[in-house]
Amino acid sequence: MNGTKETPIEFEKFHNIVDGLPRSSTNFHRGTNPSDGKELWEVPIASENDLDDAVEAARKAFKTWSKTKWEDRQEIIKNIAKEFMKYEAEMGKLVMLEGGKPIQFAKFDLGNASKGLLWAASEKKFEDEIISDNADLKLTMRHVPLGVVGAICPWNFPLPISMNKIGPALLTGSTIIMKPSPFTPYSILKLVEIAQKFLPPGVLQALNGDDKLGPLMTEHPGINMITFTGSTPTGKRVMASCAKTLKRVTLELGGNSAAIICPDVDVNKVAPKVALAAFFNSGQICVASKRLYVHKDIYADMLAAVKKVVEGWKTAPAVEEGTMLGPVQNKMQHAIVKDFFEDCASQGYDFALQGEVGKGEGFVVQPAIIDNPPDDSRIVREEQFGPIVPMLQWEDEDEVIARVNDTTTGLGGAVYCADLDRAQRLASRIEAGNIWINSNEKPLPNAFFSGWKESGIGGESGRLGLYNYMNTQVTHLYKADVAKL
Ligand code: NDP
């Protein structure tokens, strides 16, 4: 055993964490290093029995954790954030190898994850709210811990996304079971192992599984809430499954976010932001700019400038010095991205930046920009989640807003405009939960994050996000005299 309260953390052995202890399995799988296609370490696959044990431990732990003082929970969360950063070098390497992220960005993820936890730890306690109080009636509202939370995570930002679930759940008095994506199980299992030092058994657990585990969690009657981050099709299945036990459910799903670039901007100042927005993490960001709408007056200049920025970046295996864009994270996503390349080529669209889907063992994809494809093309209509992005021309505000909103999703959006009144007017007309003005898209822990339309249900982060992790109770206290005479 390793990584219990006293023993050291090892970074080449991975366990599920159940009831405070490392747990192995009779079945294992291995993740793949996206940079070279080689297998990584063995990781146990949790069984249904492991899940039942974890739920039982979480329910038991909830009894005391939910009554632990808010201030004490804050302190524990702060300690986890600090402890986890002590392993920056080892965890950074893990994220680089499992996620295909250049080391500087792997460490950036750790920093964001830690900031997310520290933000949660800084939030003040929810006091009872008196809605009204008069001679007849006192109405009081209070928010109480929910129970056991199941957290189902994707592969693109395993640590920051997990921390955005762990912090709020623990702070508000719930216990939580993490399920990482089987593509990136390592960093989440290790984080949960590291955190055990500060927590009673069962408060924070982690189970890696195969494709049976997610559905087992969403159906489990002992889990009170599912917080899910992933694709829209899976989100619909999660919601349908949660309906059987009427679990609380938060869905953070996919999107097809658009950036609108106005003609009054300095092309050279904005192009680097737009390039980052579209291509950072090789386009594998839920709120990445997946469609770039540039005003016709600056279109040619902006296309040339964004192209120049991206051409200046090194796209290569994550381990290579100086890499800016690492590989796509997994084979399945690589195939999806390849399909977009092939569709654009077969339709005869103009590749302003040629790009290339690597043929080697790893999943490196050289970035591509498609010059003004039709509005009904697949690259405009669908979420590519990879480094191939359409740039489109617009002329009139009403027209661009209609095109931007012509999608079933509504996760994010961006507006670049020197005239801030115009920027805000445009931003307010985009049908999406998160809009950035004059910046690439950067979710923040203190800003509520939610998707409109098929991009989600509920939301996370910010104080508003904390409410999703609690039950609310209103007491109607009538002041009638009911005492025996
Ligand atoms: P998936 O939806 O494929 O998987 C997400 C998680 O769900 C995995 O842990 C997966 O594990 C699990 N899962 C799959 N099927 C089920 C099921 N039926 N019941 C329960 N759990 C299930 O998403 P990806 O991992 O491919 O992530 C990419 C997507 O996530 C993109 O669309 C992206 O936009 C979105 N995303 C959204 C974010 C947001 O905040 N809105 C942030 C980051 C990404 P397994 O496959 O083993 O079951």
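Analyst: In this predicted model, strand β6, which covers residues 137-145, runs antiparallel to β5, and four bridges join the two strands. As a general point, the strands of a sheet pair through backbone hydrogen bonds, in either the parallel or the antiparallel sense.

A second sheet, also open, has seven strands in the order β16-β19-β20-β13-β12-β22-β23, and its pairing is mixed. Its edge strands, β16 (350-353) and β23 (434-437), each pair on one side only, and the twist from one strand to the next averages 25°. At the β23 end of the order, β22 (residues 412-416) pairs with β23 in the parallel sense over four bridges, and there Gly413 has Ile435 of β23 as its bridge partner.

Helix α9, residues 267-279, lies across β12 (258-261), β13 (291-295), β20 (388-394) and β22, and it runs at about 170° to β12. Helix α14, residues 420-429, lies across β12, β22 and β23, and its direction is about 165° to that of β23.

At the level of the whole protein, the division is into domain 1, made of 16-253 together with 455-473, and domain 2, which spans 258-437. Taken over C-alpha atoms, the centres of the two domains are separated by 31 Å. Where the domains meet, 16 residues of domain 1 are in contact with 20 residues of domain 2, and the residues on the domain 1 side divide into five nonpolar, nine polar and two charged. The UniProt record, an unreviewed entry, places the feature "domain: Aldehyde dehydrogenase" at residues 30-473; in the model that span is 41% helix and 23% strand, with its end C-alpha atoms 45 Å apart.

The ligand, finally, has 28 residues around it, of which Gly214, Gly230, Thr234, Gly254 and Cys286 come nearest. Its shell draws at least three residues from domain 1 and at least three from domain 2, while helices α7 (213-219) and α8 (232-243) each supply at least two. Sorted by class, the shell contains 11 nonpolar, 12 polar and five charged residues.

Methods: Residues numbered from 1 in each chain as written. Predicted model: local features only at pLDDT ≥ 70, side-chain atom pairs only at ≥ 80, totals over all residues. Domains from an automatic or database assignment. Contact = placed C-beta atoms within 7 Å. Nonpolar A, V, L, I, M, F, W, Y, C, P; charged D, E, K, R; others polar. Near = placed C-beta within 6 Å. Pairing = 2+ DSSP bridges. Axes fitted to C-alpha atoms, helices over the stretch in contact; angles between N-to-C directions. UniProt positions renumbered as here; feature names shortened; annotations may be inferred.
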